[in-house]
Amino acid sequence: MDLTTANPQKNAITLERFEEHLHKAIDKPTTNFRMRRVGPSRQGRRIEVKVHNGAHRATWAKTTINSRLRAISINVFLNFKQNNLRQADYSKLKALAMVGIKQYWSNTITVDGVRFNVIVNALHKSSSDAIPVDLKIEDSPDYARSMNPAILGIDASFVYQKGTLRASEKLINNDFKLVSAHEFGHSVLMYVDGISLSWGHKGSTNALFQNIKASTPGYPTSGKIDLMKYYDEIKNKADFSRRVTDSIAMEVDIKRLIWSSEITWKN
Ligand SMILES: [Zn+2]
C-alpha cells in the first residue's frame, strides 16, 4: 500500500485523542484544566484544555509522531562521561550503550486502537539537559553493579564487566547493552512515578535494597521478559541468552517515556 495516498481520514487519530489514551494507559489522570483560544486570535472560540502535571517536560527526551505513517521516533539524550577511560574504550562503551537502548526500547505500541511503530534513538549530548552517565570498566572477576538512582546530582553508572571469568567479549558486550537499556529505563520510571516504581522495579523489588519480594514471580517460561522488572530465579530461571533475546521495554513503559517527553505531532 502506498501510504502517501492512503485515506488520511480512515482511522485518523489526533494529538488530542492520542494524549487522552496515552495518559489513561499509564494511569496519569487529568489534574486540572486551562482555557485556550482556538482559531484566529480575536474571534477564536475558547476551549478547555486538559493539563497534566509534569507531563512532557523531561529535558532528555523528544518524541516525533507521524500520525499518517503510524511512526514514532523518540530521541533520548545521555551525557556519557569518559572519566578515566581510554578514548577507544570510551567510544566502544558509548556505542554499545546507545545500541542497547535502541534495541530494547524500540517496539510497537497501540494507542486508541492504532498501532504505531516506535524507534528509540539514544544520542550523546554533553549538557545538563541529558541524563548523566559514568561509563566504567570492571576489571576484577566480581560483577559490579550498574545503577541509575535518577536523582538530581547523582550520575548513573553503566559498568562493563570486562573481568568476568570465562566470558567471551560478545557475551560481555551483550550484558552491557542489556544493562544500559535497563538503567536508562530507571530515568523514565523515576520521572513518571518516582522511587517506588523506579527503585522498586515496578513492584518486583523492595525499593531501598532492591532485593526481590516473596511475591515476585520467576521468569516467564516463554515469551517476552520485562526489561524493567526483577524476577525470582529460584522460582524459574532464564538463561542469559534468553534474557538477551526476549527482554524488551513493555508497551506501558514506552508510553511512560512518551508521556515524559515533548511531543511534535505530524499529520
Ligand atoms: Zn534496576
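I started with helix 3 and helix 6, which cross in a left-handed sense. For handedness I used this rule: left-handed if the near helix is turned anticlockwise from the far one by less than a right angle, right-handed if clockwise. I took helices as DSSP runs of H or I with at least four residues, and strands as E runs of at least two, numbered from the N terminus. Helix 3 covers residues 169–193, and it packs on helix 6 at about 65° with the axes 9 Å apart. Helix 3 is therefore roughly perpendicular to helix 6. Here angles under 35 degrees are roughly parallel, over 145 roughly antiparallel, 65 to 115 roughly perpendicular, and the rest oblique. The axes are lines fitted to C-alpha atoms over the stretch in contact, and angles run from 0 to 180 degrees between N-to-C directions.

Next I listed the residues that touch. Helix 3 brings F184, V188, L189, Y191 and V192; helix 6 brings D253, R256, L257, W259 and S260. Contact means heavy atoms within 4.5 Å.

A note on the source: this is a predicted model, where local features need pLDDT of at least 70 and side-chain atom pairs count only at pLDDT 80 or more, while totals for chains, interfaces and linings use all residues. Residues are numbered from 1 along each chain as its sequence is written, and side-chain values use heavy atoms, with hydrogens and water left out.

Then I checked helix 1 (residues 15–25) against helix 6. Their angle is about 125°, and the axes are 9 Å apart. The two are therefore oblique to each other. This crossing is left-handed. F18, L22, H23 and A25 of helix 1 meet V252, K255, I258 and W259 of helix 6.

How many residues of helix 6 are buried? I found eight of the 10, so helix 6 is largely enclosed by the rest of the structure. Buried means under 20% relative accessible area, exposed over 50%, and partly exposed in between, with a 1.4 Å probe and protein chains only.

I followed the chain on to S261. It sits in the loop between helix 6 (251–260) and strand 11 (262–266). S261 counts as buried, because its relative accessibility is 0%. Its side chain makes a polar contact of 2.5 Å with the side chain of T63. A polar contact is a pair of N or O atoms within 3.5 Å; within protein, one must be able to donate a hydrogen and the other to accept it, and residues adjacent in sequence count only if both atoms are side-chain atoms. Beyond neighbours within four places in sequence, S261 touches H56, A61, K62 and T63.

Back in helix 3, I looked up N173. At 15% relative accessibility, N173 is buried. It contacts K92, L96 and Y160, leaving out residues up to four places away in sequence.

I also noted two residues with positive phi. R70 is not a glycine, yet its phi is about 55°. R70 lies in the loop between strand 3 (61–66) and strand 4 (71–81). At 29% relative accessible area, R70 is partly exposed. K202, also not a glycine, has phi near 55°. K202 is in the loop between helix 4 (195–198) and strand 9 (225–226). Is K202 buried or exposed? With 17% relative accessibility, K202 is buried.

Buried residues are 45% of the 267.
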